[in-house]
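This briefing covers the fold elements of one chain and a selection of its residues. The points are grouped by topic.

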Amino acid sequence: LEMDKRQKAQDKLARFDRITAAIVALEQQKKLIFATGQVAPKGCVVARYQVRQQQKIYWYYKLQAQTAIFPKANDDKALSKYKHLGSCGSEAHITAVIQMARRSQIDKIQRTIDTLEQNLLDVGFDDQQKEK
């Protein structure tokens with residue numbers, strides 16, 4: 001019985017260590033992504049919009065946030081929800097798309113980390129659940 005308790009404790013510690021190691025590895029992946037370049041702010045999307053002028057249609061792109069976070073072009077003190085990126089394939093458009101890809105990767109990794117952190121709690125409460 002004593003050996004069984006010791007074995008369970010070692011198993012629990014091993015599971016805890018594996019989860020912790022996975023979290024550390026994922027945090028490292030996040031750091032590497034941040035190191036590759038700028039990351040789009042949370043909650044942003046690259047949106048396409050249409051402008052009609054003199055019977056012609058033009059498509060432009062903007063980086064759109066949920067709240068006003070971008071400096072306005074004509075007033076540095078005021079903020080806007082939108083950052084104009086220009087036409088498809090412009091330098092600003094491609095930069096924003098790549099920044100969004102980095103944001104997407106980071107958010108996905110963070111969701112995995114959050115799940116693993118919940119798993120740590122599950123390991124901690126494992127014995128209590130079995131007793132009930």
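What follows describes a predicted model, beginning with the sheet and ending with single residues.

In this predicted model, 3 strands make an open antiparallel sheet in the order S1-S2-S5. Helix H2 packs on that sheet, and the axes of H1 and H2 come within 10 Å of each other. The loop between S1 and S2 holds glutamine 54 and glutamine 55, each with a positive phi.

**Sheet**

- The open sheet runs in the order S1-S2-S5, and its pairing is antiparallel.
- S1 and S5 (82-86) are the edge strands, each of them pairing on one side only.
- From one strand to the next, the twist averages 35°.
- H2 touches S1, S2 and S5 as it packs on the sheet, and the direction of H2 makes about 150° with that of S1.
- In general, the strands of a sheet pair through backbone hydrogen bonds, in either a parallel or an antiparallel sense.

**Strand pairs**

- The antiparallel pairing of S1 with S2 extends over 9 bridges.
- Along this pair, arginine 48 stands opposite tyrosine 61 in S2, and valine 45 stands opposite glutamine 64 in S2.
- S2 also pairs with S5 in the antiparallel sense, over 4 bridges.
- Lysine 62 has histidine 84 in S5 as its bridge partner.

**The S1-S2 hairpin**

- S1 and S2 form a hairpin, with 2 residues between the strands.
- Glutamine 54 lies in the loop between S1 (45-53) and S2 (56-64).
- Phi of glutamine 54 is near 45°, a positive value in a residue that is not glycine.
- Glutamine 55 is in the loop between S1 and S2 as well, and its phi is also positive, at about 65°, although glutamine 55 is not a glycine.
- Most residues other than glycine have a negative phi.
- Glutamine 55 counts as exposed because its relative accessibility is 86%.

**Helix pair H1 and H2**

- The axes of H1 (residues 2-36) and H2 (residues 91-124) come within 10 Å and cross at roughly 165°.
- How do H1 and H2 run relative to each other, roughly parallel or roughly antiparallel? The crossing angle of roughly 165° is over the 145 degrees cut-off, so H1 and H2 are roughly antiparallel to each other.
- The crossing of H1 past H2 is left-handed.
- In the contact of H1 with H2, the residues divide into 13 nonpolar, 8 polar and 6 charged.

**Single residues in the helices**

- Arginine 18 lies in H1 and counts as exposed because its relative accessibility is 54%, over the 50% cut-off.
- Arginine 18 and phenylalanine 125 are 107 residues apart along the chain, and their C-alpha atoms are separated by 17 Å.
- Isoleucine 94 is found in H2 and is partly exposed, because its relative accessible area of 40% falls between the 20% and 50% cut-offs.
- Isoleucine 94 and leucine 32 are 20 Å apart in space, C-alpha to C-alpha, and 62 residues apart in sequence.

**The loop between H1 and S1**

- Where is lysine 42 placed? Lysine 42 is in the loop between H1 and S1.
- The relative accessible area of lysine 42 is 64%, so lysine 42 is exposed.
- Between the C-alpha atoms of lysine 42 and alanine 101 the separation is 12 Å, with the two residues 59 residues apart along the chain.

Technical notes: Residues are numbered from 1 along each chain as its sequence is written. This is a predicted model: local features need pLDDT of at least 70, side-chain atom pairs count only at pLDDT 80 or more; totals for chains, interfaces and linings use all residues. Side-chain values use heavy atoms; hydrogens and water are left out. Buried means under 20% relative accessible area, exposed over 50%, partly exposed in between (1.4 Å probe, protein chains only). Axes are lines fitted to C-alpha atoms, for helices over the stretch in contact, and angles run from 0 to 180 degrees between N-to-C directions. Angles under 35 degrees count as roughly parallel, over 145 as roughly antiparallel, 65 to 115 as roughly perpendicular and the rest as oblique. A crossing is left-handed if the near helix is turned anticlockwise from the far one by less than a right angle, and right-handed if clockwise. Ala, Val, Leu, Ile, Met, Phe, Trp, Tyr, Cys and Pro count as nonpolar, Asp, Glu, Lys and Arg as charged, and the others, Gly among them, as polar. Two strands pair if DSSP finds at least two bridges between them. Contact means heavy atoms within 4.5 Å.
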